[in-house]
Amino acid sequence: MALFGSYIIWHYTSAFTDLFVLYRNFLWFLAHFFSFSTLLKTLINPWRRLGERYRGGFHPSAWLETLAVNFFMRIIGLLFRLLLLGVGAVVWVLALVGSLLFLIIWPLLPLAVFSLIWLGIQLIV
């Protein structure tokens with residue numbers, strides 16, 4: 001019976017606070033895994049630093065070609081970063097919702113375990 005009391009004390013005190021720390025660390029990990037701050041800082045940078053360098057001199061067509069290529073590389077970089085930010089945000093929100101749901105369910109788990117054990121004993125008898 002002492003084991004049962006120790007389990008209940010652990011379940012509703014230190015385990016509950018440890019879950020908060022665990023979920024906070026997991027959400028921090030996801031934010032850094034998807035590099036939200038870096039993606040926002042470099043939102044309009046060219047994709048993978050691809051681009052053209054202007055060769056110099058007076059060549060309007062070469063200047064326009066360089067401008068067009070660099071513009072499209074920035075657009076492609078913007079689209080990929082927005083896509084990655086969107087995927088990361090969806091994953092982060094799903095993790096947050098899952099964490100909150102589990103924290104709501106956590107206090108009910110001992111009741112569920114003991115109810116299932118009681119039901120199993122009743123079915124055997």
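**Entry 1, Leu-64.** I started at Leu-64, which at 49% relative accessibility counts as partly exposed; my cut-offs, with a 1.4 Å probe and protein chains only, are under 20% relative accessible area for buried, over 50% for exposed, and partly exposed in between. Leu-64 sits in helix H4.

I am working with a predicted model, where local features need pLDDT of at least 70, side-chain atom pairs count only at pLDDT 80 or more, and totals for chains, interfaces and linings use all residues. I number residues from 1 along each chain as its sequence is written, and my side-chain values use heavy atoms, with hydrogens and water left out.

I counted 5 helices and 0 strands in the protein; helices (H or I, at least four residues) and strands (E, at least two) are DSSP runs, numbered from the N terminus. From the N terminus the order reads α-α-α-α-α. The C-alpha trace spans about 95 × 30 × 15 Å along its principal axes. I also looked up the radius of gyration: the protein has 27 Å, whereas a compact globule of 125 residues would have a value near 14 Å. That radius is taken over C-alpha atoms, and the globule rule is 2.2 Å times the number of residues to the power 0.38.

Of the 125 residues, 16% count as buried. The protein exposes about 9,800 Å², with carbon and sulfur atoms supplying 77% of that area; I used Shrake-Rupley areas with a 1.4 Å probe, and for residues only the protein chains shown count as cover. Among contacts (heavy atoms within 4.5 Å), I took those with a separation of 6 or more, and residues 24 or more positions apart account for 83% of them.

Which residues make up the largest nonpolar core? I found 7 of them: Leu-27, Leu-30, Phe-34, Phe-36, Leu-39, Leu-85 and Ala-95. Helix H2 (14-33), helix H3 (36-41) and helix H4 (60-105) each supply at least two residues of this core. Another core, of 5 residues, lies apart from it and has Ala-15, Leu-19, Tyr-23 and Trp-106 among its members. For the record, a nonpolar core is a set of buried Ala, Val, Leu, Ile, Met, Phe, Trp, Tyr and Cys residues joined through side-chain atoms within 4.5 Å.

Leu-30 lies in helix H2 and is buried, with a relative accessible area of 6%. Not counting residues up to four places away in sequence, Leu-30 touches Phe-36, Val-91, Trp-92 and Ala-95. Leu-30 and Ala-95 are 65 residues apart in sequence, yet 8.7 Å apart in space, C-alpha to C-alpha.

Leu-85 belongs to helix H4 and counts as buried at 13% relative accessibility. Leaving aside neighbours within four places in sequence, I see Leu-85 in contact with Phe-36, Leu-39, Leu-40 and Leu-43. From Leu-85 to Leu-40 is 45 residues along the sequence and 8.3 Å between C-alpha atoms.

Two packed helices are described by the angle between their axes and the distance between the axes. My axes are lines fitted to C-alpha atoms, for helices over the stretch in contact, and angles run from 0 to 180 degrees between N-to-C directions.

Are H2 and H4 roughly parallel or roughly antiparallel to each other? They pack at an angle of about 175°, with axes 10 Å apart, and are therefore roughly antiparallel. On the H2 side the contact includes Phe-16, Phe-20, Phe-26 and Ala-31, and on the H4 side Leu-96, Ser-99, Phe-102 and Leu-103.

The axes of helix H1 (residues 2-12) and H2 come within 3 Å and cross at roughly 30°, so I noted this pair as roughly parallel. Angles under 35 degrees count as roughly parallel, over 145 as roughly antiparallel, 65 to 115 as roughly perpendicular and the rest as oblique. Here Ile-9, Trp-10, His-11 and Tyr-12 of H1 meet Ser-14, Ala-15 and Phe-16 of H2.

Ser-35 is placed in the loop between H2 and H3. Its phi is near 50°, a positive value in a residue other than glycine. Ser-35 is partly exposed, with a relative accessible area of 29%. His-59, in the loop between H3 and H4, also came out as partly exposed, at 45% relative accessibility. The two residues are 24 apart along the chain, with 40 Å between their C-alpha atoms.
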